[in-house]
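Biologist: I would like to learn how to read strand pairing and a ligand site. Please show me the model first.

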Amino acid sequence: MVLVVGGGASGLMAACSAALALGGEIAVLEKNDRVGKKLLATGNGRCNLTNLGASPSCYHGKSPEFAFQALKMFGPKETLDYFHSIGLVTREEEDGRIYPRCGQASAVLDVLRNELSRKGARILVGEAKSLRVRGGRFSVLTDNGQHWADKVIIATGGKASSALGSDGSGYPLLQSLGHEILPAYPALAPIETTSAHAKALSGLRVKGTASIERGGKTVSSRAGEILFASGRLSGIAIMDLAIYARELPCDVCIDLMPEMSESEVANFLIDRAAQLSDLLAEQFFIGCFQRMLGQVIIKSAGVEASMPVSQLSRNHMEALARQIKRLRFPVLSVAGFKSAQATLGGAATSGFCPDTCESLSVKGLFAAGEVLDICGDCGGFNLQWAWSSGWVAGRAAAKDVLQNRK
Ligand SMILES: Cc1cc2nc3c(=O)[nH]c(=O)nc-3n(C[C@H](O)[C@H](O)[C@H](O)COP(=O)(O)OP(=O)(O)OC[C@H]3O[C@@H](n4cnc5c(N)ncnc54)[C@H](O)[C@@H]3O)c2cc1C
């Protein structure tokens, strides 16, 4: 009997994979009243279930290379083959992102649940409170009673969006059996800023390149969508950078015209000024940037809004170009777990075998998904890790059960 603790993406995939060999000898223990609550919220309810570009460089953690083996064995292609085989029809969108064709995350959950029910796997409701090894078997204690299993797969997720179930309660289970738990931080989270400009720009969405700069050096950069809200920045480019913004002081710098160098932007502005010389500075960016963004650029460059464009000097143009290339938002903090989509940190991967996700110290104990210290970028990479690790853990657990019978 294999007991999967946690009925999220990785737990359901682990159960499906183990059920291929063991059929009904699988149970999933889930603390919520239903499995897959977080899956339903993924991709804004559309579930970006994988990314065809998933590669090692999309993953972070103390030892991100731990993820490579599972991704090699069960990567995006194998994942899609499997989902197609259980009835899901998918579609590819921008940047290799894969979604269910019907546009509903519930389709992904439903095919997994159907498959488990076809194979006779059981879903148990209850929160695992403790995990013990007794005579080579595992005992998992919940409020409703005790469950015994030959193999246990801990798939309890991290701490992100705890309202959906994963609140870090899996960490003490692994820790109680000797596993090291690294500090957990919110990842794929909005970044809070002290800049008043974020409030002025609230509600705007731009495409550009965002960078984290610390001590005059660029720590990391991401191209993509940036969203402004009162006191915070979000959007894919920002969320990916959250893991680099923990150490203060640092700034988010936004390049609003990444396709041009700073001097090209200055020349572009000089040409533009020649065409629009009868306007005032506050009107100069109308038609080029959103109105509020234009005003923030002018203000940050120290240009008087009422100044005629015809009087803007080369120095003014260079100052404006500098702001367009490096609009600066000092970081106050990274938003907390409540608004994070993933967790950096958790169970140290050094305690597990990368081929099977089995514990190196406790035979028969496995871990999968976000409970492990592996965190992917935005774009389907986290779910891919959940599928990959869940698959290899489930398969290895089932293989062990069968081997022990011989
Ligand atoms: C809003 C949001 C949107 C996202 N969108 C995407 C996306 O589009 N693409 C993408 O790749 N990633 C996305 N992610 C990230 C992705 O959802 C997670 O990385 C992934 O779900 C992790 O899977 P998991 O199985 O490890 O953990 P989870 O999905 O968190 O599942 C863990 C499960 O274990 C249960 N559990 C926890 N503790 C216990 C316990 N002690 N006993 C019993 N059960 C327990 C929880 O209730 C939960 O059901 C998103 C995350 C959020 C929050």
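Biologist: How many residues does the hairpin that joins β9 to β10 go through?

Modeller: The β9 to β10 hairpin runs through 2 residues. Some ground rules. This is a predicted model, where local features need pLDDT of at least 70, side-chain atom pairs count only at pLDDT 80 or more, and totals for chains, interfaces and linings use all residues. Residues are numbered from 1 along each chain as its sequence is written, and side-chain values use heavy atoms, with hydrogens and water left out.

Biologist: What counts as a strand, and what counts as a pair?

Modeller: Strands (E, at least two residues) and helices (H or I, at least four) are DSSP runs, numbered from the N terminus. Two strands pair if DSSP finds at least two bridges between them. Here, β9 and β10 (residues 145-149) pair in the antiparallel sense over 5 bridges. Val 140 stands opposite His 147 in β10.

Biologist: Which strand do 5 bridges join to β8?

Modeller: Strand β9 (residues 137-142), antiparallel to β8 (residues 130-134). Val 133 has Phe 138 of β9 as its bridge partner. These two strands also form a hairpin, with 2 residues between them. In that turn, Gly 135 has a positive phi of about 55°.

Biologist: What is the strand order in the open sheet of 3 strands?

Modeller: The order is β3-β6-β5, with antiparallel pairing. The edge strands, β3 (50-51) and β5 (90-92), each pair on one side only. Between β3 and β6 (residues 97-100) there are 2 bridges. Asn 51 is partnered by Arg 97 in β6.

Biologist: Which polar backbone atom is 3.1 Å from a ligand nitrogen?

Modeller: One of Lys 31. A polar contact is a pair of N or O atoms within 3.5 Å; within protein, one must be able to donate a hydrogen and the other to accept it, and residues adjacent in sequence count only if both atoms are side-chain atoms. Asn 48 places a backbone N or O atom 3.0 Å from a ligand nitrogen. Ser 166 uses a polar side-chain atom, 3.3 Å from a ligand oxygen.
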